[in-house]
Amino acid sequence: MVRDRTARARIKQYLVQHGPLEDRHGLATKVLKEAAGYEGSSVAFIQLLAAMERDGELVREIRGKRTYRITAVGLPAGSGEPASGVLETPAGRLQVDYDVLARHLFRELTGSGTPAVIQELTAEQQRIAAERDDYARRLVLARAKLEELRAQAGITPAPGASSPARPDRPR
C-alpha cells in the first residue's frame, strides 16, 4: 500500500482495498486507526471519521459508544468515477445507474424551464416589481403628508429624519 500523506486518503484507501471493516466487539474505530497508520489522538481520529461520515465518504454502524462497522461510500481513493455503481448504505448495497440518475436530475432541474413557465415567472416578477414601486410611491406620499401635518402643528422633524422627497433606501 502506497502511503499517502493525508489521513483521509489513507482511511479511504484502506477501506476501498480491504472492504468494510467490522469488529464484533465494537472496536472498529480502533482497528481502523491502527490499520490506516493514524498517529494522532483517538479523539481526533473519531472527529475525523465523523467529518468523513458527514461528507458522505463513509458510513459507520454505531450502537451506544461502540462502532461495529465502517464502510467506504462513493468514490474509491484516486478514482475519478464511482466503483461499479454500487453504494454501501446502512440499509445495505444499492445499485445506482448514474446515467439514469443524471438524466432524471437534469430533467428535474430544466423541466421547469419551458417557455410557458418562464413567461409565467417573468409576469410574476413584473407584478411584484410594480407592487413594490406602488408601495414606495405611497410611502413617499405618506411621508410628505406627515411632514405637512407636522409643519401645520409646528412640530419640527426629528434629527436624522428623511425628507419626503428622499426615501430612506434608494432603489
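Which residue takes a positive phi in the hairpin of S2 and S3? Gly64 does, with a phi near 70°. Two residues lie between the strands of this hairpin.

This is a predicted model, in which local features need pLDDT of at least 70, side-chain atom pairs count only at pLDDT 80 or more, and totals for chains, interfaces and linings use all residues. Residues are numbered from 1 along each chain as its sequence is written, and side-chain values use heavy atoms, with hydrogens and water left out.

**Overall build**

The protein has five helices and five strands. Both are DSSP runs, numbered from the N terminus: helices are H or I with at least four residues, strands are E with at least two. Along the sequence, the pattern reads α-β-α-α-β-β-β-β-α-α.

**Strand pairing**

Two strands pair if DSSP finds at least two bridges between them. S3 (residues 66–72) has S1 as a partner, and S3 is also joined to S2.

**Burial, contacts and surface**

Of the 171 residues, 23% are buried (under 20% relative accessible area, 1.4 Å probe, protein chains only). Contact means heavy atoms within 4.5 Å. Among contacts with a separation of 6 or more, 43% link residues 24 or more positions apart. The protein exposes about 12600 Å², an area from the Shrake-Rupley method with a 1.4 Å probe. Carbon and sulfur atoms supply 56% of that area.

Definitions and conventions:
Buried < 20%, exposed > 50% of the residue type's maximum accessible area, 1.4 Å probe, protein only.
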